[in-house]
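This report concerns a single protein model. Please consult the sequence and the coordinates alongside the text.

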Amino acid sequence: MEKIPENYIDFLYWVKERTESFWSKDPETSLEDFVCDDWMYGAKWIGLTDEEISNIERKYVIEFTPEHKDFLRILHTIDRYEKIEYTETFDENAEILVEEIPYFYNWQKDDKEITERLIWPYKTILEDVLGVNQVWLKSWGEKPISDIEKEKIFSDWFQKTPKLIPIKSHRFIISDENLKFRPVLSVYGSDIIVYGWNLRSYILNELKDELGLIELVYDEEDKEWYPETKKELREILEKDYKFNEEKDIPYWKEMILIWNSGWSSFGLKWPGDGDSFIQPIVKTFAPENEEIKQKRFNEY
């Protein structure tokens, strides 16, 4: 396998070439260990022009960082959608509906999805603040009884946070050129992790299958073949998540550390970390007179 380019622009073109090559192989006839889903067969990236990017920024009143603009110019999204069929009832004669799911967000077509995602962090984190998970940051001070007061404190805090720009599903990139680190976050309510400390490592993490960075390894004990990330990718991701005291995300860091799932984002082990491979997601902070409980997942 050729070396993963370190230069960011070269890297984006490398991603374009490798993924399109992966999608060009018919999954019905390919003899490769890993093949694309049927709906992705033949897919191509569709980049944006500088004028299109500027128009999008004006439309949504946002600012893309320089590295995000490069991503949008060269990659952006692909020329097709995954189509999911479903029915709204279990009735035998229920109408079959079709939902189109974007791969990466298409900033020229996915207005509904993008608009919903732009308010997703506020809406879903607030639900964890007011709902069953009772999230409350230490920096917010004493926790009021009134939900109105809780929302006011949360809203004041949220207005100060670095802007989050949706990129794919519930992945968001920090959009603040003044920050040294502008990672991509996975945001599901208050359960937030860093999915890559820069766009390069995020893309490698997100597209490892399509980029040929997974291999089958035989397990002698189980007598089975299992997929594992290749050595070069493991080394990049280990370096990406290595502890660095300079790593900070104003305001968001405290929210990320509210659940034990977020501590590894900063190369940290939370105080209650054990040896078990699978651990429940639990709070690492709760106000006085409140229990540190396991997270309940909401259906947003």
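## Basis

The model is predicted: local features need pLDDT of at least 70, side-chain atom pairs count only at pLDDT 80 or more, and totals for chains, interfaces and linings use all residues. Residues are numbered from 1 along each chain as its sequence is written, and side-chain values use heavy atoms, with hydrogens and water left out.

An open sheet is formed by 4 strands in the order 5-6-7-8, with antiparallel pairing. Its edge strands, each pairing on one side only, are strand 5 (164–168) and strand 8 (191–196). Here strands (E, at least two residues) and helices (H or I, at least four) are DSSP runs, numbered from the N terminus, and two strands pair if DSSP finds at least two bridges between them.

Strand 5 and strand 6 (residues 171–174) run antiparallel and are joined by 4 bridges. Within this pairing, Ile-165 stands opposite Ile-173 in strand 6. The loop between strand 5 and strand 6 contains Ser-169.

## Positive phi values

Most residues other than glycine have a negative phi. Ser-169 is not a glycine, yet its phi is positive, near 50 degrees. This residue counts as partly exposed because its relative accessibility is 32%; the class lies between buried (under 20% relative accessible area) and exposed (over 50%), with a 1.4 Å probe and protein chains only.

His-76, also not a glycine, has a positive phi of about 75 degrees. His-76 is located in the loop between helix 3 (66–74) and strand 2 (77–78). With a relative accessibility of 1%, His-76 counts as buried.
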